[in-house]
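Q: Hi! Could you walk me through this one while I have it open?
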Amino acid sequence: MISEDMKIAMKGIVPSTMSTCNSEGVPNISYISQLYYVDENHVAISNQFFNKTIRNIRENPLACVNIVSPEDFSMWVLDLKYSHSETESDLFEQMEMQLEAIASMQGMEDVFKLKAAEVFTVLSINKI
Amino acid sequence: MNTECINQELKVLIQRCVYCGFILCLKQNTISIHYFLAAMQINEDLKKFLQGVNGQGLGTRDKDLTPSYNRIIAAKASGNNTIKFTIAKQTAAQAIKNLRENKMVSLVQANILNFECYQFKGSYISHHDSTSEEKADVENYFNKMNEALIKIGVQDGLVYNFPHDPTITIEFEVEQIFEQTPKIGTGNLIKA
């Protein structure tokens with residue numbers, strides 16, 4: 001499902017946005033720090049603030065995220081379904097280290113503290 | 001009370017309630033009250049921000065609450081409480097279907113140089129094939145983005161790879177604005 005080209009677009013160089021929708025049908029769109037590759041059928045996002053995106057996926061598990069390749073600005077849109085959260089795992093530790101690196105580059109070490117890795121199943125992928 | 005009777009009463013009640021900030025809805029022979037949001041003023045700083053070197057996206061959803069994403073390739077305030085934005089026509093079908101069904105718009109913009117970020121939520125008004133002036137806005141946006149991206153090390157011209165012709169332009173009324181600049185305590189609703 002997730003190709004090698006897409007993995008490059010998931011490095012966080014070009015920020016991704018995630019669309020969600022609460023149980024009352026109000027859409028929300030937000031930038032995310034990074035979309036993490038878990039395996040060919042799963043991705044994860046970092047939960048730093050328990051923000052609106054996270055609250056929405058607890059109510060309605062469906063989400064839509066875009067990724068952009070920094071090499072040629074190719075773009076993919078992924079339809080996702082929330083699977084589970086991880087707070088103690090290899091994935092969590094790996095994401096925590098990557099997030100610290102991103103935060104350090106942007107001078108936002110105090111802002112980006114990982115609370116959980118939110119794992120999604122990839123339902124479909126469209127290359128734009 | 002039967003459905004027809006409720007419908008008759010609704011016509012009168014909606015007239016009375018529309019100025020009070022709530023509306024009554026009929027579903028399965030029951031009446032429920034839904035508060036609606038009045039249009040919100042976009043201040044001059046945000047009007048200027050809207051035309052900055054911002055990454056920007058559109059969030060909509062369908063009748064089954066499935067969210068959808070579109071890249072926005074130009075946006076600006078079209079009035080004190082309305083925004084016009086442009087998306088590529090080749091990616092627009094689902095968004096237009098969603099907007100016709102439920103009118104709910106969510107637009108996010110983040111400045112690529114300083115990460116200042118806002119989300120604008122509101123109600124769809126209309127859409128049309130972009131005019132020559134709106135196409136010029138798209139060209140202007142791409143040129144500004146290209147210059148800014150070069151400054152942060154992105155190869156010259158890459159941004160033009162995003163689909164951007166033909167395009168459609170959508171207008172919506174802004175009802176809520178949230179600050180989303182990454183920082184502790186972000187996410188607050190901006191007061192009018």
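Q: Thanks. How many helices and strands are there in chain A?
A: Chain A has 3 helices and 7 strands; helices (H or I, at least four residues) and strands (E, at least two) are DSSP runs numbered from the N terminus. Before we go on, this is a predicted model, where local features need pLDDT of at least 70, side-chain atom pairs count only at pLDDT 80 or more, and totals for chains, interfaces and linings use all residues. Residues are numbered from 1 along each chain as its sequence is written, with chains lettered from A and ligands numbered from 1 in the order in which they are written.

Q: Good to know. In what order do the elements of chain A run?
A: Starting at the N terminus, chain A reads α-β-β-β-β-α-β-β-α-β. Its radius of gyration is 14 Å, close to the 14 Å that the globule rule gives for 128 residues, so chain A is as compact as a globular protein of that length. That radius is taken over C-alpha atoms, and the rule is 2.2 Å times the number of residues to the power 0.38.

Q: And what does its C-alpha trace span?
A: About 35 × 35 × 25 Å along the principal axes of chain A.

Q: How much of chain A is buried?
A: Buried residues are 39% of its 128 residues. A residue is buried if 20 or more other C-beta atoms lie within 10 Å of its own, exposed if 12 or fewer, and partly exposed in between, with C-beta atoms placed from the backbone.

Q: Let's look at helix 2 of chain A. Which residues are buried there?
A: In this helix, residues 52-59, the buried ones are A:Thr53, A:Ile54, A:Asn56 and A:Ile57. Seen down the helix axis they fall within an arc of 160°, so they line one face of helix 2 of chain A; the arc is that of the directions from the helix axis to the C-beta atoms. On the face turned away from that side sit the exposed residues A:Arg55 and A:Glu59.

Q: What do those buried residues pack against?
A: Several strands of chain A, among them strand 1 (16-21), strand 2 (27-32) and strand 7 (116-127). Packing here rests on contacts, and two residues are in contact if their C-beta atoms, placed from the backbone, lie within 7 Å.

Q: Which way do strand 3 and strand 4 of chain A pair, parallel or antiparallel?
A: Antiparallel, over 4 bridges, with strand 3 covering residues 35-39; strands pair if DSSP finds at least two bridges between them. A:Leu35 has A:Ile45 as its bridge partner, and the two strands form a hairpin with 2 residues between them.

Q: New topic: where does A:Ser69 lie?
A: In the loop between strand 5 and strand 6 of chain A. A:Ser69 counts as buried because it has 20 C-beta neighbours inside 10 Å. Beyond its neighbours within four places in sequence, A:Ser69 is in contact with A:Asp5, A:Ile8, A:Ala9 and A:Ser74.

Q: On to chain B. What is its secondary structure?
A: Chain B has 4 helices and 8 strands, running α-β-β-α-β-β-β-α-β-β-α-β from the N terminus. Of its 192 residues, 32% count as buried.

Q: Which residues of helix 3 of chain B are buried?
A: B:Ala95, B:Asn98 and B:Leu99. They fall within an arc of 95° seen down the axis, so they line one face of helix 3 of chain B. The opposite face carries the exposed residues B:Ala93 and B:Arg100.

Q: And what follows that helix?
A: B:Lys103, with a positive phi near 65°.

Q: How many residues of the two chains are in contact?
A: 30 residues of chain B are in contact with 27 residues of chain A. Strand 3 of chain B gives the most to its side, with 6 residues.

Q: What about the largest nonpolar core?
A: It has 35 residues, and B:Leu58, B:Ile72 and B:Phe85 are among those with the most contacts inside it. A nonpolar core is a set of buried Ala, Val, Leu, Ile, Met, Phe, Trp, Tyr and Cys residues joined through C-beta atoms within 7 Å. Among the residues that B:Leu58 touches are A:Ile29 and B:Leu107.
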